[in-house]
Amino acid sequence: MEMSEWTSQVRRGILEYCIMQLIAKQPRYGYELVTLLDQWEPLAVTEGTLYPLLRRLLKDQYIESFWKESEAGPPRKYYSLTPSGHQLVEMMSAEWNKISRSVDQIQIYGGEIL
């Protein structure tokens with residue numbers, strides 16, 4: 001397996017989780033999410049990647065959208081979590097914490113039984 005293929009597979013699930021985490025903190029509009037994720041190179045996305053993900057989350061009713069006037073330009077479409085979206089983020093966070101702790105322990109201890 002090539003590194004780019006492995007990285008792409010790892011990023012898919014993590015991006016959804018990170019986007020939902022950002023929306024959980026406060027409602028955000030699409031370009032704002034792109035800009036925020038650009039701060040972390042491995043998480044940087046294009047609008048062509050972001051908007052299909054947002055559409056799927058809307059369809060699955062984990063997020064909802066609303067329009068809000070902008071001080072600089074046309075109205076913006078904001079996204080926020082639904083109650084089921086908040087529940088999903090909590091479950092994802094619990095799983096992420098278990099996975100990341102396990103990977104950290106493997107990296108540190110190399111498989112030695114703790």
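Predicted model: local features only at pLDDT ≥ 70, side-chain atom pairs only at ≥ 80, totals over all residues.

Me: Why is Arg101 called partly exposed?

Reply: The relative accessibility of Arg101 is 48%. Buried means under 20% and exposed means over 50%, with partly exposed in between. The value of 48% falls between these limits, and therefore Arg101 counts as partly exposed.

Me: Where does Arg101 lie in the secondary structure, and how many Å separate its C-alpha atom from that of Tyr17?

Reply: Arg101 belongs to helix α4, which covers residues 83-109. Its C-alpha atom is separated by 17 Å from that of Tyr17, a residue 84 positions away along the chain.

Me: What pattern does the protein follow along the sequence?

Reply: The order is α-β-α-α-β-β-α, and the secondary structure comes to 4 helices and 3 strands.

Me: How do you know what share of the protein is buried?

Reply: A residue is buried when its relative accessible area is under 20%. Of the 114 residues in the protein, 30% are buried. The accessible surface comes to about 8,000 Å², with 55% of it belonging to carbon and sulfur atoms.

Me: What share of the contacts with a separation of 6 or more joins residues 24 or more positions apart?

Reply: Such residues account for 45% of those contacts, where contact means heavy atoms within 4.5 Å.

How values were computed
Residues numbered from 1 in each chain as written. Heavy atoms only, no water. Helix = DSSP H or I, 4+ residues; strand = E, 2+ residues; numbered from the N terminus. Buried < 20%, exposed > 50% of the residue type's maximum accessible area, 1.4 Å probe, protein only. Areas by Shrake-Rupley, 256 points an atom, 1.4 Å probe, with all protein chains shown as cover.
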